Amino acid sequence: MVPRNSTILDIFAGTASVGAYLKQDYNIISNDIQNYSQIIAKSLIESSSIELTEETHHMIVKLEKEYVQNKEKLIKLFPNTYDESNSFVDIKKGEWTDKIREDYLHFVNKFPAPSNEFETSSEELSLLKDLYFDGNKSTYLQTVFLFSETYFSLEQAMDIDSIRFAIDTVIDDEIIKSIFLSALIYAYSYCSSGTGHFAMFRDLKDVSSVEDTFIYRKKRVWEYFIKKVDQIIEYHRYIPSRTYKTVSYDFSELLDSPEIIGTSLIYADPPYSFVHYSRFYHAIESLVKYDYDIPKFKGRYRSDRHQSPFCQRTNVLDAFRSLFEGAKKINSHVLLSYSDTGMISLDEITTLLIEIGFQSKVEQIQYDHSTLGRKGHKNNTINEYLIRATL
Ligand SMILES: C[S@@+](CC[C@H](N)C(=O)[O-])C[C@H]1O[C@@H](n2cnc3c(N)ncnc32)[C@H](O)[C@@H]1O
């Protein structure tokens, strides 16, 4: 659709994988309303504008020192809770009983959370609540407060906070920092006992679901983190001749900004369904922002959770209109990914494109979409559309 060396804007970048794939041949602008997407895009795309030195690898030694320091402080603050949590992690598969499951749930319910209005009978956990509500960051403890014994064991949460502390303490450069933060996002996602997202943690309704959950509780966050740092550094390619930019705006705001001057093609992969992405990935957003937001609802969502117009039946058509009109204003073609399970039909989209002045061509493939554990089966087969809109 556009010649090599032109500029492509991945306007709903998510994991930034499309921009990372195209970066060899095009200048890339990567955007998403979620801040974590910008961090991943910096580490996979923008990092190509700098040459990594040996020093980046050696930072691990410095990081480990700071990580150990924060973790030791956390263990000293919450020694009894730490021991109790680990006593459950140490239980072997096959040894769990319904009585132990109930004891564990009793332990979990002591943690301050929106569901108990942050009330706790434990002295240690009361201190945890006070430190978090005061925004006290002399010891990093955001994950310990937000997600201990839901997605992570207490020790895993301590590991996550301590790595986060080490990254902030040791690394100044924004791009290098993004590489280590992305590795931590990976470790966070792979050690979590959720079903690939953070919409809701498992309710431990029987021994079998507890045993399943505790498989993940034995994973070592530091090991996953180190492995991913190595992989990102190995993946890194220095491409000095290109321009890479990563931003985090609402798409309509971005279309009005000078940041995107020179764009030849907008690749748009907006949300398809009524479920907001921010509900699935709020925990990663918190990890990146590290801002001690006071969580809401049983799922402990962020108070500033973004509600996308692409997920709202009353707003989706206007959202597409503003996307296409914005593209037309900067004289850019659009390549749109959508599906037949989307909030509006293919007909509505192509009619809108013609009305605004684009010509459109549609390709269709069948695709297996993960149900993310919701429907009792792994995948749904859907039709994915690729709509080429040219001016
Ligand atoms: C289908 S996903 C994109 C997936 C991406 N192509 C990838 O490879 O991971 C849609 C993305 O749109 C983002 N999004 C939703 N509403 C937005 C808005 N108003 N402005 C910018 N980004 C938005 C979501 O945060 C989400 O990451």
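Predicted model: local features only at pLDDT ≥ 70, side-chain atom pairs only at ≥ 80, totals over all residues.
Setting aside residues up to four places away in sequence, Phe145 touches Leu128 and Tyr132.

Phe145 and Phe111 are 34 residues apart along the chain, and their C-alpha atoms are separated by 8.1 Å.

## Two residues with positive phi

Glu149 belongs to the loop between helix 7 and helix 8 (154–170). Its phi is near 65°, a positive value in a residue other than glycine. Is Glu149 buried or exposed? Glu149 counts as buried, because it has 26 C-beta neighbours inside 10 Å.

Asn331 also has phi near 65°, again a positive value in a residue other than glycine. Asn331 is found in the loop that runs between helix 14 (316–329) and strand 5. Here the surroundings give another label: with 9 C-beta neighbours inside 10 Å, Asn331 counts as exposed, since the label applies at 12 or fewer.

Seven strands form an open sheet with mixed pairing, in the order 3-2-1-4-5-7-6. Strand 3 (244–247) and strand 6 (359–370) stand at the edges; each has a single partner strand, so one side of each is left without a neighbour in the sheet. From one strand to the next, the twist averages 15°.

Which strands does strand 1 pair with, and in what sense? Strand 1 (residues 7–10) pairs with strand 2 in the parallel sense over four bridges, and Asp10 has Ser30 in strand 2 as its bridge partner. Strand 1 also pairs with strand 4 in the parallel sense, over four bridges; there, the bridge partner of Ile8 is Leu265.

## Further along the sheet

Moving on from strand 4, four bridges join this strand to strand 5, and the two run parallel. Leu336 has Ile387 in strand 7 as its bridge partner.

How well covered are these strands? Strand 2 (residues 27–31) is mostly covered, with four of its five residues buried. Strand 4 (residues 263–268) is mostly covered too, with five of its six residues buried.

## Helix 9 against helix 13

The crossing of helix 9 and helix 13 is right-handed.

Which residues of helix 9 and helix 13 meet? Leu181, Ile185 and Tyr188 come from helix 9, and they meet Ile284, Leu287 and Val288 in helix 13. The contact of helix 9 with helix 13 divides into six nonpolar residues, no polar and no charged ones.

## Ile232 in helix 11

Ile232 lies in helix 11 (residues 221–235). Ile232 is buried because 21 other C-beta atoms lie within 10 Å, where the cut-off is 20 or more. Leaving aside neighbours within four places in sequence, Ile232 is in contact with Ser43, Ile179, Ser182 and Ala183. Arg220 gives a contrasting distance: Ile232 and Arg220 are 12 residues apart in sequence and 19 Å apart in space, C-alpha to C-alpha.

## Around the ligand

Finally, the ligand. There are 18 residues around the ligand. Which of them come nearest? They are Phe12, Gly14, Thr15, Ile33 and Ser308. By residue type, the shell around the ligand divides into nine nonpolar, six polar and three charged residues.

Technical notes:
Residues numbered from 1 in each chain as written. Left-handed = near helix turned anticlockwise from the far one by under 90°. Contact = placed C-beta atoms within 7 Å. Nonpolar A, V, L, I, M, F, W, Y, C, P; charged D, E, K, R; others polar. Near = placed C-beta within 6 Å. Pairing = 2+ DSSP bridges. Axes fitted to C-alpha atoms, helices over the stretch in contact; angles between N-to-C directions.
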